[in-house]
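I opened my notebook to go through this structure one item at a time. Here is what I looked up, in the order I looked.

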Amino acid sequence: MQLQEKPQLQAKINSIFPDESSIPVEFRLSDPIHQTEYLIDGLLRHWEGQDKKSLHQFM
Amino acid sequence: VKTTDGFSQKVIGSVPTLSEKEALEALDAAVVAYNNGRGHWPTMSVSGRIEHIQDFAYRMKEKKQEVVNLLMWEIGKSYPDSEKEFDRTIAYIEDTIDALKNLDRTNSRFVLEQGIIGQIRRAPLGVTLCLGPTNYPLNETFTTLIPALIMGNTVILKPPRLGVLLNRPLLEAFRDAFPPGVVNVIYGKGRDITPPLMASGKVDALAFIGSSKAASSLKKLHPKPHRLRSVLGLEAKNPGIVLPYADLDLAVKECVLGTLSYNGQRCTALKILFVHSQIIDVFLERFCDAIANLKFGMPWEKGVTLTPLPDIEKPKYLTELVEDAKHFGAKGCQ
């Protein structure tokens with residue numbers, strides 16, 4: 001029984017990653033959120049770091 | 001995501017990598033706002049602080065869709081579970097307000113003990129550093145943040161390494177709902193910005209949810225550890241025990257739920273199952289069947305149980321664990 005299921009499982013794994021257009025509209029993130037703000041003493045400050053590489057990126 | 005050139009990784013965002021300098025500025029703001037317990041916030045009436053918290057909850061609810069979506073994208077939590085995390089956090093804020101009202105009522109009574117009349121009041125602890133975990137970055141962080149605030153403490157909040165972006169929509173709410181310096185939110189590498197805060201000796205309370213190793217090393221950095229108050233939620237190893245006369249359908253269902261809700265990334269997850277030798281074969285068969293039927297996929301897919309892991313290093317680490325277990329004689333059954 002397990003032997004029969006294996007190819008199916010592999011197919012399921014292969015199809016796991018969607019292309020951008022198949023993500024339902026309500027869940028799509030249009031643009032990456034490049035946040036520079038942080039909050040100190042009641043003020044939103046902007047981080048001046050220019051080098052994008054030192055920004056932490058989420059994938 | 002799939003593209004015409006094969007698979008590629010989608011960047012969902014970035015946050016500032018602050019340095020020690022900004023972290024210490026946040027600390028100073030919290031110290032000034034607390035002003036040794038004489039600041040505006042710690043001396044405000046209970047009803048005044050409740051109003052600020054309620055105002056914050058109202059502003060937070062307006063950001064629900066954004067926060068839930070970011071939670072789902074960043075840590076791969078299914079959409080219903082991400083939504084549940086948000087709703088539970090709002091309920092938690094309301095429950096905390098009720099708890100404080102009760103406490104305030106009880107504390108207004110006088111206690112007669114050994115001929116002495118006393119009144120017991122609770123006071124804030126001071127500047128509080130709140131550090132939440134990646135698996136429940138919103139809910140768990142807020143279970144330390146909200147009580148700290150409502151009692152009159154001032155707070156420095158540093159989100160975990162993953163589960164950061166969801167704080168972005170809330171920054172304005174923090175800014176507008178609380179007096180300056182009461183809530184400060186900083187980002188960056190924990191090992192760069194948290195140790196200087198602890199070493200300053202100006203953190204009065206450490207609220208931390210994570211590993212015991214990290215908690216120990218943070219506490220040791222405080223120059224006066226006896227003065228530091230800690231509120232900790234650390235890792236857990238929870239066993240499940242299945243006895244020979246157990247209702248197997250129920251036991252299998254509970255064990256699947258217990259071990260694999262949110263991919264098992266919960267401190268309360270079942271980490272090991274002890275199953276009686278009389279029923280182990282039939283239990284294993286049904287347990288494996290049940291797991292094989294769990295739907296895996298992207299967190300927005302309907303009915304999905306197993307979702308992607310947020311950390312790119314994790315699959316490698318988990319494979320190593322499986323190999324290590326096999327090395328010691330373990331057998332896989334999936």
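This is a predicted model: local features need pLDDT of at least 70, side-chain atom pairs count only at pLDDT 80 or more; totals for chains, interfaces and linings use all residues.

**Between the chains**

I started with the interface: chain B and chain A bury about 4,100 Å² between them, 64% of it on carbon and sulfur atoms. Buried area here is the accessible area (1.4 Å probe) that two parts lose on being put together, summed over both.

Residues are numbered from 1 along each chain as its sequence is written, chains are lettered from A and ligands numbered from 1 in the order in which they are written, and side-chain values use heavy atoms, with hydrogens and water left out.

Next I looked up the contacts (heavy atoms within 4.5 Å): 45 residues of chain B touch 36 residues of chain A. I also found a count of 2 salt bridges between chain B and chain A, each being a side-chain nitrogen of Lys or Arg within 4 Å of a carboxyl oxygen of Asp or Glu.

Which side chains meet in a salt bridge at 3.0 Å, N to O? I found A:E37 and B:R168. B:R168 sits in the loop between β7 (154-158) and α7 (171-177) of chain B; helices (H or I, at least four residues) and strands (E, at least two) are DSSP runs, numbered from the N terminus. Leaving out residues up to four places away in sequence, B:R168 touches A:Q35, A:E37 and B:Y187. B:R168 counts as buried because its relative accessibility is 17%; buried means under 20% relative accessible area, exposed over 50%, and partly exposed in between (1.4 Å probe, protein chains only).

I then turned to A:D41, in the loop between β2 (37-40) and β3 (43-46) of chain A. Its relative accessibility is 38%, so A:D41 is partly exposed. Neighbours within four places aside, A:D41 contacts B:A29, B:P180, B:G181 and B:N184. A:D41 is not a glycine, yet has a positive phi of about 55°.

I placed B:N36 in the loop between α1 (20-34) and α2 (40-43) of chain B. B:N36 is exposed, since its relative accessible area is 64%.

How do helix α3 (residues 46-62) and helix α6 (residues 139-150) of chain B pack, and at what angle? I read about 145°, with the axes 9 Å apart; axes are lines fitted to C-alpha atoms, for helices over the stretch in contact, and angles run from 0 to 180 degrees between N-to-C directions. B:I53 and B:M60 of α3(B) are among the contact residues, as are B:F142 and B:L149 of α6(B).

Last, I checked B:F287 in helix α11 (residues 280-292) of chain B. B:F287 is buried, as its relative accessible area is 11%. B:F287 and B:K253 lie 34 residues apart in sequence and 8.1 Å apart in space, C-alpha to C-alpha.
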